[in-house]
Amino acid sequence: MLRPSLIASCLLGLLLLAAPARAASMPPWGTGESQGEDLAILLVTFSPGDDVPSWWGHGSLVVEDRRRQMSRLYNYGMFSFDEAMLARFAMGRLEFWVGQSSVGGTFRYYQAEDRDVRVQELNLTPEQRVVVAKRLAENVLPENREYLYHHYNDNCVTRLRDMIDVATGGQLREADRAPGRMTLREHTRRYTAVNAPMSVLLDFMMNDEIDRPITKWEEAFLPDELEAQVAALQVKGADGQTASLAAKSWNYYESSTRRRPPAEPPPWGPWLLALGLALGGLAVGLAVWERQRGSRVARLLLGLENAVVGLALGLPGTALFIMGLVTDHTVTYRNENLFLANPLTLLALPFGVALTWGSQKARTRLFKVWTLLAVLGVLGVVLKVLPPFDQDNWRLIALILPISLGMAGAFGLDRVLARLPRADRASAGRRDAVASLKTP
C-alpha cells in the first residue's frame, strides 16, 4: 500500500518530544493503581500542517489521572527517519510505533506550528477508562509498540478509532456501518488540494483500490472524520440511557489563519484537460513552424518540450511500473495509468535532447515512442467499457492523452512536411485554404 512519507498522516515532529518507551516508567493506570473515577480519556485532533506528511492532520489519545495530577499523550505516529526507513518505505514495509510524550509540550509544539489543537473528553464509564488507559500503557512497551503502517487501513488514527470502539463495546463500529460520504480517492484529493502538482502525482500513483464505496468506519482514517464521528455518536450507558460520546469539547488552540481542508475535492478536470491540449497543441505548432520556416529555435523548443515532458511523466511512470512489480504497495498494482505513462515515456528525455542537436534519428524515434504511447492511451480509454477497468483516472486521461496524441501528431506531420520541397511546405497550408473556398 502506498503509505509513504509522501502521504502519511502521522510523520510529525513529535519525535523530538516523545520520551522513549524503554526509559519511561509504567504509569499508575498501567500498574492498576489508578481508579476509573480519577481517570479521563481525551481524544486530541491536530489540524493539517504545511509539509506533505502533515497534510492529513494527526490525532492522539491522552490519559489523565486527575487525582494524582498526571497525564500522558499517546502517539501512534512514531517512526525512525534513517536510510533503513527509506528502504522499508520504498518496499512498502514501513514500521511505525506508539510513543508517549508530555501533553503540554506536545500541545505547545502544535501551537508553534499554528495548527489547531482540539480536545474531546470521551464519555466512558470508569471501567472503560481503566481498560483504555491500561491498553495504552501496555501498547507503548517495547515488545508491543511496533506495527506495520498502512495509510488507509492501519495508521495513527485508525488505532485510536479501534481503541475507542473496544471501549464502547463496538458501538462506534456499529454506527459507522453507514456508507461514507466519498471514496478514499476523493478524500485524498481534497486533503492534497493545497498543492496541485503533488495532488496529481499521488492521484497518478494509486489504482482502483481506493475507488470502491466505503463506510464511515473506513473514512475514520482521517483525524477530522474521527473527531466528527465521536461528536455525533450517542452511546448507551450501563443504565441503558444514551448520551454523546463527547462529554466535553474545547479548543486548546485555534489558528486564525489556517483553513480546514475543503469539503469536496477540487474540480480540476477541465484545467488539466486545457493543460494537456495546450502542451499537445504546442508540439504540433512547433513542428509546423520548424518545417515551414526552417527555424532552429522551433527545433530547440520542440526538443526541450519532449525532454521536459518525458522527464515529468516518465519518472513517475517508471516508478509506478517498478512499484507494481517488486514492492508491497498494493495500491500501485494493475494501475491503469500505465497506459498513459510508463518507462517508455522516459525515452522522450534523451531523444528530446538529441533533437535539440539536430538528430534525425531522434525524430524517427520520438515519432515511434509517442505513437505507441498514444495507441496505449486510447486503448486504456476503450477498455473502460469492461468492468475490471473501473479506475477513477479521468483527470489523468484528460491531462496525458492529449499530450501523447499531440506529440505523435507533431512528428507525424513533421514526416509528411519533410517530404515536400521547402517552398511547397510554406504554401501548402495556403493552397488548401484557397481550395476549400472554391465551389466544385
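Arg181 and Glu225 form a salt bridge, their closest N and O atoms lying 2.7 Å apart. A salt bridge here is a side-chain nitrogen of Lys or Arg within 4 Å of a carboxyl oxygen of Asp or Glu. The pair links distant parts of the chain: Arg181 is in the loop between helix H6 (171-175) and H7, while Glu225 is in helix H10 (residues 223-232), 44 residues apart. Helices (H or I, at least four residues) and strands (E, at least two) are DSSP runs, numbered from the N terminus. Arg181 counts as partly exposed at 48% relative accessibility, whereas Glu225 is buried with a relative accessible area of 9%. Buried means under 20% relative accessible area, exposed means over 50%, and partly exposed lies in between (1.4 Å probe, protein chains only).

This is a predicted model, in which local features need pLDDT of at least 70, side-chain atom pairs count only at pLDDT 80 or more, and totals for chains, interfaces and linings use all residues. Residues are numbered from 1 along each chain as its sequence is written, and side-chain values use heavy atoms, with hydrogens and water left out.

**Salt bridges**

The structure holds 22 salt bridges. The table includes three of them.

| Pair | Closest N and O atoms |
|---|---|
| Asp154 and Arg159 | 2.8 Å |
| Arg181 and Glu225 | 2.7 Å |
| Glu290 and Arg363 | 2.2 Å |

Arg159 counts as partly exposed at 27% relative accessibility. In the pair of Glu290 and Arg363, the closest N and O atoms are 2.2 Å apart. Glu290 is buried, with a relative accessible area of 8%, and Arg363 counts as buried at 7% relative accessibility. Salt bridges that share partners also join Arg185, Arg189, Asp203, Asp211, Asp392 and Arg395 into one network.

Arg185 and Arg189 are among the buried residues of H7. Helix H7 (residues 184-191) is mostly covered, with seven of its eight residues buried.

Asp165 is found in helix H5 (residues 158-167). Asp165 is buried yet has no salt bridge, and the nearest side chain of opposite charge, Arg173, is 5.6 Å away. For charge, Lys and Arg count as positive and Asp and Glu as negative; His and the chain ends are not counted. The side chain of Asp165 does reach the backbone nitrogen of Arg173 at 2.8 Å.

**Two loop residues**

Gln69 lies in the loop between strand S2 (58-65) and strand S3 (70-78). Gln69 has a positive phi of about 60 degrees although it is not a glycine, and it is exposed, with a relative accessible area of 74%. Asp114, in the loop between helix H3 (103-112) and strand S5 (117-122), also has a positive phi, near 60 degrees, and is a residue other than glycine.

**The whole chain**

The protein chain has 17 helices and nine strands. Buried residues make up 51% of its 440 residues.

Conventions
A polar contact is a pair of N or O atoms within 3.5 Å; within protein, one must be able to donate a hydrogen and the other to accept it, and residues adjacent in sequence count only if both atoms are side-chain atoms.
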